[in-house]
Amino acid sequence: MKLDQLSNNITKRVKRVDHDELLPEIAHQLEEIGFIPGERVMVMRRNLLGGDPLMVRVGLSTFALRKKEAALIEVEDLSDHD
Amino acid sequence: MTESTIHFYPKEPLIALVGNPNCGKTSIFNLLTGGKQKVANYAGVTVERKEGKLVLNQQVLRILDLPGVYSLYPRSLDEHITCNVLLGRATGEKKPDLVLCVLDATNLRRSLRLVLALKRMGLPCIVVLNMMDVAQKRGLNINVTQLAKELHLPVVSTIGVESKGDHALREKLKEIDLSKSGLNELVEVTNQSPSYQTEADNQVVQNILKKLGLDQQIADPISDQLDRTLLHPILGPLILFVVLFFIFQAVFTWAAYPMELIKSVTDGISQLILENFPDNWIRSLLVYGVIAGAGGVLVFLPQILILFFFILILEESGYLPRAAYLLDRMMGSVGLSGRSFIPLLSSFACAIPGIMATRTITNARDRLVTILIAPLMTCSARLPVYALLIGAFIPSRELPIGIDLQGLVLFSLYLSGIVGAMIVAWVLKKIANSKTSFHPLMMELPSYHFPSLKNVAIGLWQRLFIFLHRVGGTILFLTIALWFLASFPHPPTGAEGPAIEYSLAGMLGKLLATILSPIGFNWEISIALVPGMAAREVVVSSLGTVYALAGQAGDTAEALTPLIQHSWSLATALSLLAWFVFAPQCLSTIAAVKRETGGYKIPAIILTYLFLLAYLASYITYHVALSLGWG
């Protein structure tokens, strides 16, 4: 499941960040700011119109992400193990 | 902003502060250096460089505040600067002797990765664990000794927002042997390559956190609580609007008394000079040049400080990026992202730092559009012009619910600039082929902080200094230059009318007035606009000088307000206000655009489109006002 599909206030775990060919920089940046495999992640709220941008908690940090950015982040259940 | 390049290497040890954005690095910098700071730019690039001095045990230490970074993998301009300084590659900058790595104690996971990257660089490093008070409040008990053991580095804890919060750090700095060999002991020899290794570092960090029993996540409950209201889908934007509106009201109402005070002091001084000096050209220069000019701008200091006070509070509290979050959707509709909000908001203070701040926008097109519209944000240099015209032509009337008419007009001028900018961005979006464009946002929303009064005070002090520097430098110089132009050559004997009409400035003004009279500008305004190209507020001082010299060989430097009230129509005043919403009346901004975009193309586009827009807006305003009978 991708992060942009996740409902509000459900904690998941980052599985991986897609290194989209079109947006290689974006994926790197997402990793740098903390979207790293294993990190806990949750969508806290969405803006009113169209739900963009999303307010996302990753680890202890909070970021505003656009849907397209969130769509690069694959998440999994906390109970899933590799 | 003071801008100069630094090209010398003082012999004192250089200590660099490195840390993630929002880790409280600047608070630590302020604590260590107090008021002894110097703001400048790095050589060749417009990244703000802050340096200060700390004296410990009679030894002077230079403290350098580096731009906040998430990693040492250079991607943005900020990260390039930080990396280059740390590697000793930055132009005009020596390699730091010691690095203070500032960590946000409430977010160790992210900040520890930076420590690991720094260690690989082989620089002597002290870890500064900041925001320990907040961490403790959230139940995070960090064992400093154990952390030091795990990292093989000295660790001290600090509280950036308390006046003695840097005690432990100062003690540590006293303790450390700052000689070459002493510092080398703080370097851990590693064989790892200093390359990019997020995954591996993350494992190491994870292990450290586990050993310290800190691998549970505890977010900030207070911030989450506040966000529930402040970022509420409906309440949030409403609150933002009210906050901004309140600020503009305060700029007018709070400043009234201190402005009166400054005015009576400058009036008193010119009165004193007029009474005690013989009537010659020196007296004329002092009264009509220096005091009417520079003094006329100084009056607006209280308003500028009040505006900055609020901007600093919003910045310190962590509300600014949230405003960007709230506005992202709106910005998106004109083809921008919320990221453009912070540069645009800085542009309300001054377009130059705003244009500099656009380098945080990763998308090149977004950055360019933001630079193009940044000059439309009403900068504080326009405030004196607006304040003068509104004060002279708009009655101070109490409207329902305690709103003042003058404040309302000021707010609508700011709004016109914003609406104009949105339209320009929208047009650019329509012109450009935006199929492939992607506008990243990816912006951190830091925890709320109670604004530290000390940081706000230091920020205000810097603004005050920069403003006075401008008044004493550029503005004073231009006023004196204009005084000369407006005083020479003397009128031929037997000539009628004020002497200024025969001067160089008078001739130039009349020439310009032929172009500008369709929008209601007389030759006095036209001439004042020319030196105003250097800095907008100079228009006020120039009008002061022009009118003082055009006065009936008066014995008093009469205040500008009643003068223009008598000689301008309301239509002219409104037209001039409209002109200032759009006109690119600032060469430093154009120079900053040239530097940031690396060529003359964009500056030329900006100059052209803004002048056309200004002329159009003034033309419409003037003719609508005339038809309403305000001529």
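Tutor: A definition to begin with: two strands pair if DSSP finds at least two bridges between them. Keep in mind too that this is a predicted model.

Student: How many residues are in contact between chain A and chain B?
Tutor: On the chain A side there are 28, in contact with 24 residues of chain B. Several elements of chain A each give at least two residues to the side that touches chain B: helix H1 (24–32), strands E2 (40–46), E3 (54–58) and E4 (61–65), and helix H2 (67–70).

Student: How many of those chain A residues are nonpolar, polar or charged?
Tutor: The side of chain A that touches chain B has 12 nonpolar, 6 polar and 10 charged residues.

Student: Back to strands. What does strand E1 of chain A pair with?
Tutor: E1(A), residues 12–17, pairs with E2(A) in the antiparallel sense over 2 bridges. There, A:Arg13 has A:Arg40 as its bridge partner. E1(A) also pairs with strand E5 (residues 73–76) of chain A, again antiparallel, over 4 bridges.

Student: New topic: chain B. How many helices and strands are there?
Tutor: Chain B has 27 helices and 10 strands. Of its 631 residues, 45% count as buried.

Student: How much of the contact in chain B is between residues 24 or more positions apart?
Tutor: Those account for 73% of the contacts in chain B with a separation of 6 or more.

Student: Let's pick one helix, H25(B). Is H25(B) mostly covered or mostly uncovered?
Tutor: Mostly covered: 12 of the 13 residues in H25(B) are buried. Among them are B:Leu574, B:Trp579 and B:Phe580.

Student: What do the buried residues of H25(B) pack against?
Tutor: Four helices of chain B: H18 (382–393), H19 (405–431), H22 (523–529) and H27 (601–627).

Student: Why does the 19 Å between the end C-alpha atoms of H25 agree with what you'd expect?
Tutor: Because at 1.5 Å a residue, the 13 residues of H25 (570–582) in chain B should span 18 Å, and the end C-alpha atoms are 19 Å apart, which agrees. The expected span is 1.5 Å times one less than the number of residues.

Conventions:
Residues numbered from 1 in each chain as written. Chains lettered and ligands numbered in written order. Predicted model: local features only at pLDDT ≥ 70, side-chain atom pairs only at ≥ 80, totals over all residues. Buried ≥ 20, exposed ≤ 12 C-beta atoms within 10 Å, placed from the backbone. Contact = placed C-beta atoms within 7 Å. Nonpolar A, V, L, I, M, F, W, Y, C, P; charged D, E, K, R; others polar.
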